[in-house]
Each structure stands twice: as C-alpha cells, then as structure tokens.
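Please read the points below beside the model. They take up cavities and helix packing in turn.

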Amino acid sequence: MNTANRTKSQQLQARAEQFFPGGVNSPVRAFRSVGGAPPFIARAEGACLHDADGNRYIDYFGSWGPMILGHAFPPVVEAIARAAKNSASYGASTAAEADLAERVTACYPVLEKLRFVSSGTEATMSAIRLARAATNRKLIIKFEGCYHGHADGLLVKAGSGIATLGIPGSAGVPEEIAGLTLALPYNDVAAVEAAFRAHPNQIAAIILEPVVGNAGCILPAEGYHAALRKLTREHGALLIIDEVMTGFRVALGGAVERFSLDPDLVTLGKIVGGGLPVGVYGGKRQFMDLIAPLGPVYQAGTLSGNPLAMAAGIATLDYLIAHKVEVYSKLESLSKQLTEGVATAAREAGIALTTNRCGAMWTWFFTAGPVSNYDQAATSDTAAFGRFHNHLLNNGIWLPPSQFEAAFLSTAHTEADIAQTVSVAREAFNN
Ligand code: KE4
C-alpha cells in the first residue's frame, strides 16, 4: 500500500508554518530527524490513522502512548460525548474526579493521595516542588536521556525531542536553575552514590523513568531500582517514579506493579486520560498533605479534573481493569511477535539492530548494542533509522519519527498488522 502521495498534507504543513514554529504544536511531530513533511491526520480508528490525502497507516506511536485501546474506542467516545452534553468544564468539584481516583488507586495502591493536573509536565513539575518542600533541599537527580516534560529544571540532558534535535538542553533556562539538576548516566549506581557523597543533605529527590522511553526504550539493570530506593532512604531523599509513559502500559499497575517498586511519589499521564489531557502526581499521605489548601506547597490548574477528561479516563481504566489478563497478554504476544520478526529480518539482511522492549513499548536501535544508557543509544545510526522510518511510512506503517522515542501498540492491532509490518521492514532492510 503506497502512501507516498501526501500533497494535501504538504499544503497543510505550509499553512501550519504560518502559525506555529515548525508548523507543529510539539517539536517531535515535525519529522526533523527523519526528514520529509509529516502527514496530517484526518481521522483514526482502531490501530489505523488516515491522513488528509486518504492514506491509511498502521499506528505504532498511538499519540505517544495514550491510545492503548486503539483510536475512537467506542466506550471512550461515548463517555466523552455524554459528559460534553453537561458542559465541558466547571472549575468546581465533581464526583467524576473521585470516580477516576478510585480506578487509579485500584491500579496504584501506593497512591495514598493524589492530585489531577492536565499534563505529565505539570505532574512532574509539581512532584519536584513537593519533594523540595518535604526535604527542605534543592538538588534533583535525573538521568541522561530521560525526559520528564518541559519544566525548566528537567530539560537538562533530557531525552525525547531534546535528544531528537541533538541539543544539550533548552535556551532560556538560567544556569541557576539548570545547576540544581544533576544529570547522571542511567543504570550506573556508582554515579548516584558519588552524587550523594558530593552533595550531603542537599539532594531532595531522584526522578526516574523506571523503564526509559525517551532515549528510545532502555531497560533497568537487575537491582537498579532497589539500589536507588536504598540510596534515597539512606540519604533522606525522595524517590519519584515517573510513570507518565509506563503507567498502565508495562502492566495495569505500571512499573510499580511489574517491578514491585516502593516510591514516595508517582507521576502519571497519557493512558490515564484516555487521550484527553490528564496528569497525576501522588504518593504517600505525609507528603501529599503538604499540598495547598492543606499545606504550604502551591499548585493549581484551571482545567484540573476536567469532566470530559475524567470521563475518558474512567472509560479507559474500566476496560483495562475488567479485561486485565486478556489485554496485557495480547499486548505482550503481539509486541513479542512484531519485534522478533523485525529483528530476524534485520539479522538476515546483515543490519546491526538492537531491540529493547518492555511489554508493548519498544525501540529498534540501529546499532550493534547493547543499549543500556543514553551514550550507547547515541551510537545509533540515525540516518539509517530515518531511511527505515521513511520506507515504512511510504508503505503504510507509521513509527514514532525519532530514533530516541519508544514505539507502542494497542489492543486494536492484529496479527495481520504485525505480518504486514514485518514484511515491509524486511523490504526496507533489503533495499
Ligand atoms: P506531557 O507534558 O507531554 O503530557 O508529559 C511529559 C512527560 C513526562 N514524563 C515522561 C516519562 C514522558 O514520556 C513525557 C512526555 N513524553 C513525550 C514523548 N516521548 C511526549 C510527546 C511530545 O513531547 O510531543
């Protein structure tokens, strides 16, 4: 299925560039690292996207994670429509907020209390502020290649679009703020021990992608999580597990369930809103009760707990909870089938490819590997990835447009989608 004719999308891109920097409202969408003009989406359903030129694509980025049940999942669409009839927003409390909180805490019992916000960035920014208040300390440890949204202090050696664009951080972040963030190599316990030794009683928290998605997918080394938990306890720092991407993705209870983690705070986003804007931060009551109006840590949001977003999140989590075994076994088997099929095709074609996968999130790195930190991910041949991405896109398969992003699939994907994708990937490797 040749999808190379994208004339209408090119016209829409030219129009968009009159309004938006790069013609986009988020940098990774601009296809800067893979080249070419991005298709413009007209509609989507199930596992498929349809662009303005009528081309159909199998979707492997799923709005960067949220669409775990596929596009236009009927219970979610109906829930949003029902809620919209009663107005889109009130700026006052509704039962739906606690209704969604009940679902979230059923999946995340570690959340003794939580707060809804409107994005993952708001969630991580608020969790960092809370950790600094709870410890009366200023420094934060994050890891190279990890991305936690675009709050100033978290753009230091970040992943996702920062890595994709090959920039060390962001202009406009004063060194007084960037200097409060220690960016260390992922999977390197000794580096964290050294940081605590060098900055005694100054580190408020570690914020961690428990499975990295924003450098491409990188798995935690055996014992890594436990080592960070032990060090944070020993040094009086909080452990913030950022599950904006992994939450409800690598298991119903995310990495906390999959790896039996014991965080002080957790951040969530993406899937929890079913495609609408929802972020969550929460954790131990002793910390969350520091949040206004109970305590001195201020955080607020006009659209926090928005009724349409709550409705979409409730419908999504209701389905995931009711069909947990079926959903996660299907996601695991389809992802395994796909990644192994493509890896075999690469091996047979003599292409150096490293596959990192955790459940239904993965990355094919164009390097011999292994890839267990950002420096190793950065050895990937991004030009080869760009050619691979373009070949697949021109044949109806849409991967995330960056070597430094994770791919995802949904419960709407089928064995036929997987077979087609492996076949097109084999063509690409043998071109
Ligand atoms: P948002 O502010 O984009 O909702 O969430 C920020 C965030 C926080 N933490 C993690 C682990 C994340 O992956 C993200 C956002 N992920 C990127 C994709 N890698 C969002 C896509 C984009 O920036 O356009």
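1. Ala, Val, Leu, Ile, Met, Phe, Trp, Tyr, Cys and Pro count as nonpolar, Asp, Glu, Lys and Arg as charged, and the others, Gly among them, as polar. The structure itself is a predicted model.

2. Start with the second largest cavity, which holds about 60 Å³ of space. Its lining consists of Trp362, Thr363, Trp364, Phe385, Leu399, Pro400, Ser402, Gln403, Glu405 and Ala407. By class, that lining has 6 nonpolar, 3 polar and 1 charged residues. Strand β12 (residues 361-365) supplies the largest share of the lining, 3 residues.

3. How many cavities of 30 Å³ or more are there? The count is 3. The largest cavity has a volume of about 70 Å³. It is lined by 15 residues, and Asp59, Gly62, Met67, Ser410 and His413 are the ones nearest its centre. The lining of the largest cavity divides into 6 nonpolar, 7 polar and 2 charged residues.

4. Turning to the helices, two packed helices are described by the angle between their axes and the distance between the axes. For helix α2 (residues 74-84) and helix α11 (residues 307-322), the angle is about 150 degrees and the axes are 8 Å apart. Angles over 145 degrees count as roughly antiparallel, so α2 is roughly antiparallel to α11. The two helices cross in a right-handed sense.

5. Which residues form the contact between α2 and α11? On the α2 side they are Pro75, Val76, Ala79, Ile80, Ala83 and Ala84, and on the α11 side Pro307, Leu308, Ala311, Ala312, Ala315 and Thr316. This contact of α2 with α11 comprises 11 nonpolar residues, 1 polar residue and no charged ones.

6. A second pair consists of helix α12 (residues 324-348) and helix α15 (residues 415-429), whose axes come within 9 Å and cross at roughly 20 degrees. Angles under 35 degrees count as roughly parallel, and therefore α12 is roughly parallel to α15. Here too the crossing is right-handed.

7. The α12 side of this contact is made up of Leu334, Gln337, Leu338, Gly341, Val342, Ala345, Ala346 and Glu348. They meet Glu415, Ile418, Thr421, Val422, Ala425, Arg426 and Phe429 in α15. Sorted by class, the residues in the contact of α12 with α15 are 9 nonpolar, 3 polar and 3 charged.

Terms used
Residues are numbered from 1 along each chain as its sequence is written. This is a predicted model: local features need pLDDT of at least 70, side-chain atom pairs count only at pLDDT 80 or more; totals for chains, interfaces and linings use all residues. Side-chain values use heavy atoms; hydrogens and water are left out. Axes are lines fitted to C-alpha atoms, for helices over the stretch in contact, and angles run from 0 to 180 degrees between N-to-C directions. Helices (H or I, at least four residues) and strands (E, at least two) are DSSP runs, numbered from the N terminus. Angles under 35 degrees count as roughly parallel, over 145 as roughly antiparallel, 65 to 115 as roughly perpendicular and the rest as oblique. A crossing is left-handed if the near helix is turned anticlockwise from the far one by less than a right angle, and right-handed if clockwise. Contact means heavy atoms within 4.5 Å. On a 1 Å grid over the protein atoms alone, a cavity is a set of points where a 1.4 Å probe fits but cannot get out, and a pocket is an open set with protein on both sides within 12 Å along at least five of seven lines; lining residues have an atom within 4 Å of a point. Grid points are joined across faces, edges and corners, and a volume is the space filled by probe spheres set on the points.
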